[in-house]
Amino acid sequence: MSEEKQVKVHVDKVNKSYGDNHVLRDISLDVMANEVVVMIGPSGSGKSTFLRMLNQLEMPNSGLVEVDGYDISDPKTDINKVRENIGMVFQNFNLFNNYTVLQNITLAPVQLGKMTKEEADKRGKELLATVGLSDKADKSVNSLSGGQKQRVAIARALAMDPDIMLFDEPTSALDPEMVGDVLDVMKDLAKSGMTMIIVTHEMGFAKQVADRVVFFESGKIQESGTPEEVFNAPKNERLQTFLSKVM
Ligand code: ADP
Ligand code: MG
C-alpha cells in the first residue's frame, strides 16, 4: 500500500426503499482505514439499514457500495470473502447459546479453514484475555451476563481478523452497569487502529472515541463532522433538536 490513506468503505448516492418507505436517501459516505465513525440519530432514521448494507444483509436499490475495494453490488463479487473481513456486532449478541464461550469464538475460523482447531483455540484464548474474560473460556454462554456476552461477541468477530468492525447499538440491550466494560473494549480496539463504524446512543463515548460523527435523520446524513463540531456547534436544526433530547 502507498502512503495514501486507504478508503475502506465508499458509499456513493445510495438509495434504499422498503415498499414505499424510502429509508436511505442519497447517502454518500467514505470511511478511511483506521477511522472511527460514530453514527447517531433517532430510531427509524436508517442507521441499521445502512450498516446491514455494508455486509450485504440488505441490497441498495441504487448507488454504489464498495467495501475493502470490492463493489458489493456486483454479482461477481464473492460476498463471503468480503464478509470474512467485516466483523459485525449486534444489539442482541447473536451467540450460539448451546456452545461454550471458546467454541463460539473458534467455530467460524475453523469451519472456514482460516485456522486449525489448535490455532483457533490459542487465538480465542488471547482474545478472551483482551476482553477480560479469560476465566470464561469453558463456560456455557447461557451462564454469562449481557455485558459478558457482548464482549464474547466482540472477541468472536475479531477471531476472523477483520479489517473493519461494524457495531449496531452494542450496549443498548445491556443493564447500565455492564455498559462501561463493553465500551472499554471498544475504546481499546479503536486505539489499536481498527476501522470502526458504530451506531450508538452513548454520546459520551462518541465524543471520546469518534474521529467523525455522522447524524442520520429521515434516511439522510443531515450533518457530519468532528465530535467537537457536531456536539458543540451543531448547525442542522434537526441535530440541535436531537441533541437537546439525548444530552
Ligand atoms: P434505525 O436503525 O435508525 O432505527 P432502521 O434502519 O432499522 O432504522 O429502519 C429504518 C426504516 O426502515 C424504518 O422505518 C423501519 O421500519 C424500516 N425497515 C427496516 N428494516 C426493514 C425490513 N426488513 N422490512 C421493512 N422495513 C424495514
Ligand atoms: Mg437500528
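Student: How do the axes of helix 3 (residues 101–111) and helix 4 (residues 117–130) cross, and within what distance do they come?
Tutor: These axes cross at roughly 130 degrees and come within 9 Å. An axis is a line fitted to C-alpha atoms, for helices over the stretch in contact, and angles run from 0 to 180 degrees between N-to-C directions. The model is predicted: local features need pLDDT of at least 70, side-chain atom pairs count only at pLDDT 80 or more, and totals for chains, interfaces and linings use all residues. Residues are numbered from 1 along each chain as its sequence is written, chains are lettered from A and ligands numbered from 1 in the order in which they are written, and side-chain values use heavy atoms, with hydrogens and water left out.

Student: Why are helix 3 and helix 4 called oblique to each other?
Tutor: Angles under 35 degrees count as roughly parallel, over 145 as roughly antiparallel, 65 to 115 as roughly perpendicular and the rest as oblique. The crossing is at roughly 130 degrees, and helix 3 and helix 4 are therefore oblique.

Student: Which residues make the contact?
Tutor: Helix 3 contributes V101, L102, I105, T106 and V110, and helix 4 contributes K117, A120, D121, G124, K125, L127 and L128, where contact means heavy atoms within 4.5 Å.

Student: What makes helix 3 roughly parallel to helix 5?
Tutor: Helix 3 and helix 5 (residues 146–158) pack at about 25 degrees, with axes 8 Å apart. That angle makes the two helices roughly parallel. V101, N104 and I105 of helix 3 meet V152, A155 and R156 of helix 5.

Student: How many aromatic pairs are there?
Tutor: Rings of Phe, Tyr and Trp (its six-membered ring) pair if their centres lie within 6.5 Å; planes under 30 degrees apart count as stacked, over 60 as edge-to-face and the rest as tilted. By this rule there are three aromatic pairs.

Student: Why is the pair of F96 and Y99 called edge-to-face?
Tutor: The ring centres of F96 and Y99 are 5.9 Å apart and the planes stand at 90 degrees, so this pair is edge-to-face.

Student: What makes F96 count as partly exposed?
Tutor: Buried means under 20% relative accessible area, exposed over 50%, and partly exposed in between (1.4 Å probe, protein chains only). F96 has 39% relative accessibility and therefore counts as partly exposed; Y99, at 38%, is partly exposed.

Student: How do you know that the pair of F215 and F242 is tilted?
Tutor: Their ring centres are 5.4 Å apart and their planes lie at 35 degrees, so the pair is tilted. F215 lies in strand 9 (residues 212–217) and F242 in helix 9 (residues 237–246), so the pair ties together parts that are 27 residues apart in sequence. Both F215 and F242 are buried.

Notes: Helix = DSSP H or I, 4+ residues; strand = E, 2+ residues; numbered from the N terminus.
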